[in-house]
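Welcome! Please take a moment with the sequence and the 3D view below, and then we will walk through the inside of this protein together.

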Amino acid sequence: MAARHDSQEDPSDAGSVGLPDFGDNIDQMTFEQILEMDDDEEERDFSKSIVFGFFEQAEATFKKMDTSLENRDLASLSSLGHFLKGSSATLGLTKIKDSCEKIQHYGANKDETGTNDVPDNDLCLERIKKTMAPLKHDYTEAESILKRFYHE
């Protein structure tokens, strides 16, 4: 089989052209699957609507998480972590997904892996607080990368 020199002709590389270096913020293969659903590679209306919808969803969820932390509502924090974990995983936002999974586990009185019980509510709340700062930082980084990608 001859080596290819023009990767733009390979359908598996669709969407790769012009993608920024996502680093470890965004799983490129997962994100490219979303891009493949776009009808117009210039406008990217479909994927853009999904990504910007996620931004709105994440910011609203962060507010709810902050309120749940103030109210010491572990069950709500677990649920919100689970919710945001799913939508971030869909877009390939790996760091966000991982932090949300930890919050989900801590909110369920588990350790960060979800395997061991942690019956101390105060400890779980403290762990969630410590996870929220990097979560919001990682969100800001991913949002910046994706807004640049969509020229916003």
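Which residues does F31 touch, not counting residues up to four places away in sequence? F31 touches L19, F22, I26, V51, L91, L146, F149 and Y150, where contact means heavy atoms within 4.5 Å. This is a predicted model, in which local features need pLDDT of at least 70 and side-chain atom pairs count only at pLDDT 80 or more, while totals for chains, interfaces and linings use all residues. Residues are numbered from 1 along each chain as its sequence is written, and side-chain values use heavy atoms, with hydrogens and water left out.

**Aromatic rings**

A pair of aromatic rings is described by the distance of the centres and the angle of the planes. Rings of Phe, Tyr and Trp (its six-membered ring) pair if their centres lie within 6.5 Å; planes under 30 degrees apart count as stacked, over 60 as edge-to-face and the rest as tilted. The structure holds 8 aromatic pairs, and here are two of them.

| Pair | Centre to centre | Angle between planes | Type |
|---|---|---|---|
| F22 and F31 | 5.5 Å | 85 degrees | edge-to-face |
| F52 and F55 | 5.0 Å | 70 degrees | edge-to-face |

F22 is buried because its relative accessibility is 1%, and F31 is buried because its value is 0%; buried means under 20% relative accessible area, with a 1.4 Å probe and protein chains only. F55 also counts as buried, at 4% relative accessibility. F52 and F55 are 3 residues apart in helix α2 (residues 45-70), so about one helical turn separates them. Helices here are DSSP runs (H or I, at least four residues), numbered from the N terminus.

One aromatic cluster is formed by F22, F31, F52, F54, F55, F62, Y139, F149 and Y150.

The 29 residues of α5 should span 42 Å at 1.5 Å a residue, and its end C-alpha atoms are 41 Å apart, which agrees. After α5 comes H151, whose phi is positive, near 60 degrees.

Note on methods. Buried means under 20% relative accessible area, exposed over 50%, partly exposed in between (1.4 Å probe, protein chains only). Helices (H or I, at least four residues) and strands (E, at least two) are DSSP runs, numbered from the N terminus. The expected span of a helix is 1.5 Å times one less than its number of residues.
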